[in-house]
Amino acid sequence: MSKLSLASQIIGEKRYESLLLFGLQERTFLRLLAAFVVIAAIFYPYPRVAMWIGFMFAGYSAIANDSIQTIGTFISSNSEQKWWKLWLWIGGIFVVTVLYSWLMYDGDVSFQRLTSKGFSESPTEFHFLQIIAPVILLLITRLRMPVSTTFMLLSCFSADASGIIGVTQKSLMGYGLSFVVAMLVWYLLAGVINKLTQGKPHPAWRIAQWIISGWLWSMWITHDAANIAIFLNRSLTLTDFIIFASFIFFGLGILFYLRGDKIQKIITEKSQMVDVRAASVIDLVYAFILFVFKEWSNIPMSTTWIFLGLLGGRELAMQLSKKAETNRSMGGTIKMILRDVGFAALGLVISVALAIAVNVNIQNELKVYLGW
Amino acid sequence: MSNQSKNKQVSLRKMLKTKTVLLNTLAELIASTIFSSLYFIFISRYLNEKFHTDYVMLSFSVGLAFFAAVYIPFHTYRIHIIPFITLITSLRRKNPFILLHKIPAQIVGAFLGVLIFNTINERTTQINIENYQLINLNDSSLLIFINTITASLLCYGFYMIRVLFKSKQLVGTVYLSLFFSVLFAATSFFANTSALNPFGYLFYDLLGNQTIKEQAIPFIFINHIIAPIVGVLLIFYYIKPKVLSFKK
C-alpha cells in the first residue's frame, strides 16, 4: 500500500498508483512534452515561428499516432525486413504524393482538403492551445488511446462550428460504412480468406503487400496531410515545401527505425494482423474506403474512425463466421469495439472543448445555441 | 576482498558521484535559464495589452514556468533554481558543497535566461519590466520586510513539501509550483521585491535595464541579499525546530 497523500485521496489510490507508474515509466517522454509546452508558450505569439513549430509538433504527433493505422500492419508483417528499406518505400511515396498535390493544386499539399468551408484561410495568428493541440494528442496517443488526429488538430482551426460539424458528419459516416463493409467482406469471404491464410505465404504476397500498403499510404496522405499542413500557409513556396517534405520524410525514418510507436500494440492485439496476407486484405479494404471518400468530397474526415470501424466490423464478422478463427470471445470483441469507440468519442470531446476554448466565433455560436 | 578491488570500488563510486554532480549542475543551469526567461516573458506579456493576460493568469503562468524548469532538465527533482532554497538545503545537509556547484549554475542560467528574454523582448513586446512594479512603497523597511517574508515563505514551503512531507517526485513539484504561484500573486506587484527570481533581476539590472536605479547601495544589499538570507536562517534555526517538535 502506498503512503497516504492528497492526490491519492482525490483520484483514488489505484488510479494514483497507475499514474505514478506511468509518470515513472514515461518520464523522458513526459519531460519532452513539457519542453514542447514551454516552446509553444514562448513562441505562439509570433506567427512566422509558431506556424513551423505547430507544424513540427503536428508532424510528429501524426507520425506517432495516425500514420500507424496505415503503415502499422506493414511494419508488423515486415518485421524481418531491414528498416531502411521500408522507410525508403513509404517515405518515397510520401514525397511523390505531396509533390503531386503541391504541383497540381498551386502549392497546396492537402489535396484541397483545406479549401473546404471553415479551413480555407491561412492562419495569421495562433492561440497557445492551437500549438499545444498536437502535444495533447501525443500524450493521449502514449496512453494508447486511438483518438482522431483530424479532430484534435483541425477543429482548433475551424473558423466556425459548421466546419467541425461537417468533419464529424463525414467521419461518422466513414465509421458506419467501414464497419458495414468490413462485416460484409470478412463474413461473406471468411472461407476464401481463411483458405488464403493457410500455410506459408507465397512470395508474391510480399510484393502485393508492398503495393497495397503503398496505395493505402498515399490515400491516407490525401486525407491527412491537411492535419499537418493546417498550421502553414495554404500555398507553400518551394522552400516551405522542401522543409515540409523533408521533416516528415526523416520523421518516418525514425518511426521505422523504432519499428513503430507505442500505438503499434493496438495493431498486434487484433487477430491475425501480423500475417502478410491478412494484413494485405485489411489494407486493401481500408485503401478502397479512403479512395471512395476522397473522391466524394473535399471535406476533411477522420481516418482513425474509418480504421476503427474497419477493425471493429472485421472482428465482429470473424466472431459470427464459423469459417474464421479469432482469439477472443464475443463479449471480449464487443468490449474491444466499445472501448475503441469510447476513446474515439473522448478524443472528439477533447477536440471540441479545445475548439471552443480557442475560437471566439464558436463560443458565440454556442451561446446563441444555448440561448445565453 | 582484495585491496585492488576495494580501490576499484572506491574510484567507481567517486566517478559516479562526479557524474551526478555534473548532471545536477547542468540541470540546474538549464532550469535556471528556462525559469528566468519564462518569468520575464510572462511579465512582459502581462504588461503588453495585446496579450490580454490578467493577474491570475500571470501568477499561474509563473508557477507553470517554475514547474517546467524543475521538471524538464533532470529526473531527480533536486533542482532549486532559487539560491535561498539551495541555502536552506545546504544547511539541512550540513554540506556547503552543493552551494559551490548549484549557485554558479543558477547565476549562469539566470544570465542566459535574461539574454533570451531581452532578445525576444527587443524584437516583439518591447516592454520595460520596471513598469510591472505596480505599487511603489516609500517605506524601505516595509519593503525589506516583504522581501524577507517572501524568501522565508518560499524556503519554508520548499522544506515542508520536499522534506517534511517527503514529496520528492512529480507530485511534490506540482505542489511546489502551486505554492510558487500563490507566493508570486501575493508579493510580486510590490516594487523592488526580487526574492522569487533574485539572479534574474540582478542580470536584468546589470544588462542595462535598471529596475534598481537611483537606489542606495546599502539598501540594495540589505533588500536583495542580506534580508532574504536572514529570513532563511530564521526559518531554519528558529521556526523549523518548532514545527518538528510540534509534529513529535
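Predicted model: local features only at pLDDT ≥ 70, side-chain atom pairs only at ≥ 80, totals over all residues.

A: One term comes first: two residues are in contact if their C-beta atoms, placed from the backbone, lie within 7 Å. Using that, and leaving aside neighbours within four places in sequence, B:A69 is in contact with B:A31, B:I34, B:F35 and B:I81.

Q: What is the mean pLDDT of chain B?
A: The mean is 84, and 93% of the residues of chain B reach 70 or more; pLDDT is the predictor's confidence in each residue, from 0 to 100.

Q: Where in chain B is confidence lowest, and where is it highest?
A: It is lowest in helix α8 (residues 217–247) of chain B, at a mean of 79, and highest in α2(B), at 91. Helices (H or I, at least four residues) and strands (E, at least two) are DSSP runs, numbered from the N terminus.

Q: Back to B:A69. Which core does it belong to?
A: B:A69 is in the largest nonpolar core, which has 162 residues; B:A69, B:F84, B:L154 and B:C155 have the most contacts inside it. Such a core is a set of buried Ala, Val, Leu, Ile, Met, Phe, Trp, Tyr and Cys residues joined through C-beta atoms within 7 Å. A residue is buried if 20 or more other C-beta atoms, placed from the backbone, lie within 10 Å of its own, exposed if 12 or fewer, and partly exposed in between.

Q: And chain A, how many helices and strands?
A: Chain A has 17 helices and 0 strands. Buried residues make up 47% of its 372 residues.

Q: Which residues in chain A have a positive phi without being glycine?
A: Among them are A:D106, with a phi of about 55°, and A:Q112, with a phi near 65°. A:D106 is found in the loop between α6 (83–104) and α7 (128–142) of chain A, and A:Q112 lies in the loop between α6 and α7 as well.

Q: Why does A:D106 count as exposed?
A: A:D106 counts as exposed because it has 11 C-beta neighbours inside 10 Å. With 16 such neighbours, A:Q112 counts as partly exposed.

Technical notes. Residues numbered from 1 in each chain as written. Chains lettered and ligands numbered in written order.
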